[in-house]
Amino acid sequence: MQIEHNVPLQPHNTFHIVARATTLLRVRSTEDLQALTADSAWRAAPTFVLGGGSNIVLTGDVKPLVLKIEIPGMRLVEETSRAWVVEAGAGESWHELVRWTLAQGYPGLENMALIPGTVGASPVQNIGAYGVELQDRFESLDAFDLHTGRTFTLNAAQCAFGYRDSVFKHTSAVDATSGLPAGLGLAGRAVITQVRFRLPKPWKPELSYLDLQKKTELTGITQPSAQQIFEWVCEIRRAKLPDPAVVGNAGSFFKNPTVTPEQCADIIARDPKVVHYHLADGTVKLAAGWLIDACGWRGKSIGQAGVYEKQALVLVNRGPLNGDPASGATGGEVMTLAKAIQTSVYERFGILLQPEPVVV
Ligand code: EPU
């Protein structure tokens, strides 16, 4: 087991914020995690699990031991008349997995093309785009429990998926009287090592999102292949979302809020153009990007942290990626901007936006 010291994290977070890991361990297999928990010097050390760093804001150097997940592998583990089941190591790039499954002839992940990050991070926030969420294609995952040193497997119900949410985003509160963990949170405890996806047969295109409907109308292709949808999604994302390799960012910075029909009616009375979608459970989802845009934030900056010109839901690092590393946005600037946005959206609409990335 080789622990590295004072490791720069700028290349390992898509915001390209300058910070260091005091200590870092590259995890290439479950055995590396077993070695960690078997080592008395590190067994009880606080840890921070790092995947592709595409959903974090670093506000300083990271003191807990950083577990940089680099577990490889992509394979078909089962094929029946009803589905292909594909397994991938947590360290694989999500987009490369999407591309690989299509190349092998296992369609189903194409609507989630080009989402930054790793396979291991994908269940944590139940990634989703263009009408498909990870939970729609999820079979099961293997994880390692840092507290007990054991591996375990979870199905979808046990992952408690919600909108950009899962059991891995929550910590277990400790019961004040017994001192035992209460609740089901696995944050800070479970390290995802492998994820399996169920890709149903026969494949059906998912084209319900307006952006994809526009593509069918524009091209006249009404029966697109999975590869065609993959290419459309890549085109749509490239047109409205910044490429983290060029402009530092962490995707959508806030979740889309849901409100009651009464709250929505109240907002419509004041702002008839508010973008909203009625959900099956009777609530109404509002487009956070629209709310932020309506408050005049698009294109604005605080220090080197900015609001992306083409999508107000995305906060960006305006610092040069290849220039002086000290001149980019700090995590503090990003959070100051985020709080200023939250305040103005709250004052105008009475809605408190919830950040999507994890603030470290
Ligand atoms: N809008 C504006 N102004 C803006 C931004 C958006 O008026 O500055 C309006 C758009 O015109 C549109 C609506 O808001 O009518 C929604 O915008 P968009 O279609 O771009 O989707 P979104 O709700 O902002 C969500 C996900 C994205 C995902 C897309 C497509 C969340 C928080 N974000 O964005 O996921 O790619 O839908 O499915 O749910 C991510 O989570 O990091 C992410 C990029």
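In which sense do strand β10 and strand β11 pair, and over how many bridges? They pair in the antiparallel sense, over six bridges. The model is predicted: local features need pLDDT of at least 70, side-chain atom pairs count only at pLDDT 80 or more, and totals for chains, interfaces and linings use all residues. Residues are numbered from 1 along each chain as its sequence is written, and side-chain values use heavy atoms, without hydrogens or water.

**Hairpin**
- Strand β10 spans residues 138–145 and strand β11 residues 150–155. (Strands are DSSP runs of E, at least two residues, numbered from the N terminus; pairing takes at least two DSSP bridges.)
- Leu 141 stands opposite Leu 154 in β11.
- Four residues lie between the strands, and Gly 149 has a positive phi near 75°.

**Domains**
- The protein chain divides into domain 1 (3–69), domain 2 (74–200) and domain 3 (248–359), with bounds from an automatic or database domain assignment.
- The contact (heavy atoms within 4.5 Å) takes 13 residues from domain 1 and 15 residues from domain 2.
- Domains 1 and 2 bury about 1100 Å² between them, 69% of it on carbon and sulfur atoms. (Buried area is the accessible area, 1.4 Å probe, that two parts lose on being put together, summed over both.)
- Thr 30, Leu 33 and Ile 69 supply 37% of the area that domain 1 buries against domain 2, more than any other three residues.

**Cysteines**
- The count is zero disulfides (cysteine sulfur pairs within 2.5 Å).
- The sulfur of Cys 295 is 16 Å from the closest cysteine sulfur, in Cys 264, so it is too far for a bond.
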